[in-house]
Amino acid sequence: MATECEAWLNANPVDADDLSDSFLSGDEEKGTTRKIDNEINGNWISTPTSTIQEARLKAKAKRRLRKNSSRDSGRGDSLSDNGDGVRGHTAPPTSPKSKLLDRKSRLGKGRGLPKKGGAGGKGVWGTPGQVYDVEEVDVKDPNYDEDQENCVYETVVLPLDEEDFEKTVTPIVQEYFEHGDTNEVAELLRELNLGSMRSGVPMLAVSLALEAKASHRELTSRLLSDLCGKVLTQNDVESSFDKLLRELPDLVLDTPGAPQLVGQFIARAVADDILSKSYIEGYKGKVDCEHARAALDRAAVLLKMTRGGLRIDNLWGTGGGQRPVNQLIKEVNLLLKEYLLSGDTLEAERCLKELEVPHFHHEFVYEAIVMVLESKGDRTLQMILRLLKFLWKSTVLTVDQMRRGFQRIYMDIGEINIDVPCAYLILEQFVDKSFNAGIIDKRLRDLCPCRGRKRFMSEGDGGHLKIEIY
């Protein structure tokens with residue numbers, strides 16, 4: 001750039017006086033001459049004219065060189081085609097503030113776009129939409145290791161010990177009793193590294209089912225059948241039942257009926273083909289514990305009964321809401337008939353709880369009152385009243401279920417009266433006695449429908465009132 005400036009000065013000679021940046025004074029305009037000190041770049045010196053002229057030419061060239069070599073070619077002063085200076089309207093590029101705020105190219109050329117196409121700067125991971133490929137390993141990298149090429153990274157799950165096994169698997173089995181999805185249990189068990197504790201899954205499930213309801217035992221039998229082949233093997237199931245038979249003396253302390261229940265689990269497992277048919281025969285003459293012997297005898301009897309037509313797959317029954325309504329109604333009627341024969345309220349309470357249908361107890365109240373309306377004599381009324389009072393005090397029958405049972409009778413009494421002509425009269429008597437026993441409240445008693453009695457006077461009756469006989 002300095003060479004170009006010198007070439008331009010040689011081509012366009014300029015007088016020394018024209019290079020001065022200051023205006024002419026009044027004496028200079030009038031042509032008067034006097035000796036003055038000369039200023040070069042802010043320094044006042046007294047030198048000959050030729051030296052001053054050379055110094056001014058060099059200073060002028062340096063000033064133009066600085067202006068033309070700015071980082072931003074669009075700002076500052078520049079030379080036009082005829083050599084005239086053109087002054088810009090922005091701050092000079094040498095300003096410290098402009099250096100900090102300048103994000104354009106520093107090469108002095110180009111269109112002034114941001115560096116790296118906008119992909120640079122703090123917190124920037126590249127241009128928008130850029131997809132990074134897998135970075136190839138550089139063999140010449142000093143940190144390169146040949147073993148990294150064949151290295152496989154996997155998540156290692158440590159095997160569960162006995163304490164962690166119970167803490168982890170017990171909640172899974174208890175949740176299964178609520179939702180009944182065997183596939184979910186299988187997925188959760190696959191995520192665990194059971195190791196040597198795999199045979200403990202059936203034992204833990206059966207131990208929890210012994211203290212649960214009959215529907216939970218049915219779910220446990222289904223769980224063992226579905227897990228065998230997916231998570232468990234037949235050897236795991238056999239070793240699990242072996243442990244159960246050895247620990248029966250301890251299980252009997254918490255569950256007195258454990259031997260019979262374990263025997264039923266063994267029979268169901270043999271019927272589901274998760275235990276070999278020779279499993280029971282392998283224990284003949286080798287069992288010293290009386291509880292284990294009782295369990296094996298129970299299983300053997302049940303398997304013999306299957307040959308006579310007994311269905312082992314329905315050994316535990318169908319729990320709660322899974323039963324058909326018609327089947328529940330039949331079992332309720334059978335329960336009430338057995339109670340009328342035996343008069344045992346505790347047995348009736350136990351049978352009602354085993355049905356596991358607390359939402360269906362209004363049907364029990366309904367069928368009990370229907371039996372009272374269809375009975376002959378006062379014995380059935382008194383026994384049903386005593387049973388309802390007992391179940392009411394033991395909180396087996398709730399207020400809502402009792403109310404719904406009576407309201408259903410009130411709605412159907414018209415149809416019942418067709419088969420039982422004196423149904424209205426018997427219902428009034430039963431409702432009054434129920435209110436006196438504290439089973440129902442006054443509001444429910446007042447809702448009891450009454451059939452109007454027709455009284456009329458006949459000339460042949462001597463003025464006596466006649467009451468219609470039902």
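Is D273 buried or exposed? In this predicted model, D273 counts as exposed, at a relative accessibility of 56%. The residue is found in the loop between α11 and α12, and the phi of D273 is near 65°, a positive value in a residue other than glycine. Most residues other than glycine have a negative phi. A second case is T395, which has a positive phi of about 60° although it is not a glycine. T395 is found in the loop between α16, which spans residues 379–393, and α17, and, at 61% relative accessibility, T395 counts as exposed because the cut-off for that class is over 50%.

The setting of these residues is a chain of 470 residues, of which buried residues make up 34%. The chain has 19 helices and six strands.

Helix α11 covers residues 258–271 and helix α12 covers residues 290–306, and each of them supplies at least two residues of the lining of the second largest pocket. The largest share of that lining, seven residues, comes from α12. In total, the second largest pocket is lined by 19 residues, and those that lie nearest its centre are I280, E281, K284, A300 and L303. By class, the lining comprises eight nonpolar, two polar and nine charged residues. Rolling a probe the size of a water molecule over the atoms shows where empty space is left. For the second largest pocket, the space comes to about 450 Å³.

When its neighbours within four places in sequence are left aside, T170 is in contact with F165, L204 and L208. R404, by comparison, is found in helix α17, made up of residues 399–419, and is partly exposed, with a relative accessible area of 37%. R404 and H362 are 42 residues apart in sequence, whereas in space the C-alpha to C-alpha distance between them is 5.8 Å.

With a disulfide taken as a pair of cysteine sulfur atoms within 2.5 Å, the count comes to zero disulfides. C450 is accordingly in no disulfide, and the nearest cysteine sulfur, that of C448, is 5.2 Å away. C450 is exposed, with a relative accessible area of 57%, while C351, at 19% relative accessibility, counts as buried. The value for C351 places this residue in the buried class because that class holds residues under 20% relative accessible area.

Key
Residues are numbered from 1 along each chain as its sequence is written. This is a predicted model: local features need pLDDT of at least 70, side-chain atom pairs count only at pLDDT 80 or more; totals for chains, interfaces and linings use all residues. Side-chain values use heavy atoms; hydrogens and water are left out. Buried means under 20% relative accessible area, exposed over 50%, partly exposed in between (1.4 Å probe, protein chains only). On a 1 Å grid over the protein atoms alone, a cavity is a set of points where a 1.4 Å probe fits but cannot get out, and a pocket is an open set with protein on both sides within 12 Å along at least five of seven lines; lining residues have an atom within 4 Å of a point. Grid points are joined across faces, edges and corners, and a volume is the space filled by probe spheres set on the points. Helices (H or I, at least four residues) and strands (E, at least two) are DSSP runs, numbered from the N terminus. Ala, Val, Leu, Ile, Met, Phe, Trp, Tyr, Cys and Pro count as nonpolar, Asp, Glu, Lys and Arg as charged, and the others, Gly among them, as polar. Contact means heavy atoms within 4.5 Å.
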